[in-house]
Structures are given as structure tokens and as C-alpha cells.
Amino acid sequence: MAELMTIARPYAEAAFAFAKDKNQLTEWSDQLANLALIASDEAMQAMLDNPAYTEENVITVFEGVMGDKLSAEGRNLLTLMAENKRLAALPQVSQTFEVLRDAEEKRVRATVISAQEATDEQKTKLSAALNAKFDAEVEVTYEVDPELIGGIKIKVGDWAVDGSAVSQLNKLGAAIAQ
């Protein structure tokens, strides 16, 4: 995983610089997300791993799936990555591009995982608290994981808070064991 991120970063940075210069961040974001989705498909991964398929065969499949949503510059990126045998890194290129875009647009994304579906009131309060904490408009994604028993986990980049009942019980168990 770390290796793919290292491989992906230069491609993502180049795509980001181009998209920013052309004022096409949204278009490139969508295009890279679609390319990443195609590259993540099991059949496509098998094709990428099969030496019987040429770079042009693989690019033709990407073009066929993308249709007119693939720009000439996007095709150039695909060609370059195919020549360097780096198409498997497309999901990481898309992910890194999004991180760069978030930083550029001063956008913060958070994931809140709770044992039960959060109410609208809880979502409003949590959003306000996260906006204040990060001094930005925080885009919150809510997930439900019944295994937490109760409480919530919050993840924002590499910052995380684990206030779940499972976490608290594990800490209690570790304290008792000492």
C-alpha cells in the first residue's frame, strides 16, 4: 500500500497542477475517480496482471468504459501510466488528488462511526463541534457499526477519537489485567 502511494504521488501532483492551472479540479476529480473505479475492478486487475494484453489493449478498455468522460489529457495520463506499468496505482492517484484538492479548497472531511444511526439533532451538534475544532466547514460522513455497542469514533485525516463502548471496555480490561 505504501509503495503504491509513493508511486501514485507524482502522477497525482502532476494531474492536480494541470487541473488547477486549467481550473478543472472538479472534472479531473470525477475523471480520476472513474478511472480508479475501473482499475479496481477484479476483471481489470486480472487484465493488468496478464502479459498477453498490451498497453494499447488496456487503454482501449479504459476508453471504452469512460467514453466521452475521458479527456485527451486523461488519456495522456493513462498512456504514461501504462507505459510505466503503473495503472494499478490509479486508485491511489485519485485518493492523493482528492487530498490535494481538499487542502487547496480548505475542505475537511470527517467520518463518524456510531453504534446506531445518529439523529438529525446529534448530527447538527457534531457538525458544529467539528467545524469549530477544525475552523473549517467539515464534510461529515456517517456510518453505523453495531459492534461498537455504544458511543462513537471520529476520524479526520490522521486525527481520531475513539469514544466507543468497545474501546472503553478494552481499556478497563487492560487496567484490570495489570
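These legends accompany close-up views of a predicted model. Local features need pLDDT of at least 70 and side-chain atom pairs count only at pLDDT 80 or more, while totals for chains, interfaces and linings use all residues. Residues are numbered from 1 along each chain as its sequence is written, and side-chain values use heavy atoms, with hydrogens and water left out.

**View 1. The largest nonpolar core has 29 residues.**
A nonpolar core is a set of buried Ala, Val, Leu, Ile, Met, Phe, Trp, Tyr and Cys residues joined through side-chain atoms within 4.5 Å. Buried means under 20% relative accessible area, exposed over 50%, and partly exposed in between (1.4 Å probe, protein chains only). Leu32, Leu35, Phe62, Met81, Leu87, Leu90 and Phe97 touch the most other members. Two or more residues each come from α1 (2-21), α2 (25-40), α3 (42-49), α4 (55-66), α5 (72-83) and α6 (90-104). Helices (H or I, at least four residues) and strands (E, at least two) are DSSP runs, numbered from the N terminus. Helix α1 gives the largest share, seven residues. Another core, of nine residues, lies apart from this one and includes Ala110, Val112, Val140 and Val156. In soluble globular proteins, nonpolar side chains tend to be buried together.

**View 2. Phe62 and its partners from elsewhere in the sequence.**
Contact means heavy atoms within 4.5 Å. With neighbours within four places in sequence left aside, Phe62 is in contact with Leu35, Ile38, Ala39, Met44, Leu78, Leu87 and Leu90.

The twelve residues of α4 should span 16 Å at 1.5 Å a residue, and the end C-alpha atoms are 16 Å apart, which agrees. The expected span is 1.5 Å times one less than the number of residues. Val58, Ile59, Phe62 and Met66 are the buried residues of α4. The arc is that of the directions from the helix axis to the C-beta atoms. Cover for these buried residues includes α2, α3, α5 and α6. Gly67 follows α4 and has a positive phi, near 60°.

**View 3. Glu63 in helix α4.**
Glu63 counts as partly exposed, at 26% relative accessibility. Beyond four places in sequence, Glu63 is in contact with Leu70 and Arg75. Leu77 is 14 residues from Glu63 in sequence and 12 Å from it in space, C-alpha to C-alpha.

**View 4. The packing of α2 and α3.**
The two helices pack at an angle of about 75°, with their axes 5 Å apart. Axes are lines fitted to C-alpha atoms, for helices over the stretch in contact, and angles run from 0 to 180 degrees between N-to-C directions. Helices α2 and α3 are therefore roughly perpendicular to each other, a term for angles of 65 to 115 degrees. Ile38, Ala39 and Ser40 in α2 meet Glu42, Met44 and Gln45 in α3.

**View 5. Gln31 in helix α2.**
Gln31 is buried, with a relative accessible area of 4%. Not counting residues up to four places away in sequence, Gln31 touches Met66, Lys69, Leu70, Ser71 and Gly74.

**View 6. Pro91 and Asp102 in helix α6.**
Pro91 counts as partly exposed, at 22% relative accessibility. Leaving aside neighbours within four places, Pro91 is in contact with Ala36, Ala39 and Ser40. Asn34 is 57 residues from Pro91 in sequence, but the C-alpha atoms are 9.2 Å apart. Asp102 counts as buried, at 12% relative accessibility. With neighbours within four places again left aside, Asp102 is in contact with Arg107 and Arg109.

**View 7. Helix α7 (residues 120-134) and the strands it packs against.**
Helix α7 has 15 residues and reaches 21 Å from its first C-alpha to its last, close to the 21 Å expected at 1.5 Å a residue. Leu126, Leu130 and Asn131 are its buried residues. Seen down the axis of α7, they fall within an arc of 135°, so they line one face of the helix. These buried residues pack against β1 (108-114), β2 (138-144), β3 (152-156) and β4 (159-162). The face turned away from the buried side carries the exposed residues Glu121, Thr124, Lys125 and Ala132. Just after α7, Asp135 takes a positive phi of about 50°.

Conventions:
Angles under 35 degrees count as roughly parallel, over 145 as roughly antiparallel, 65 to 115 as roughly perpendicular and the rest as oblique.
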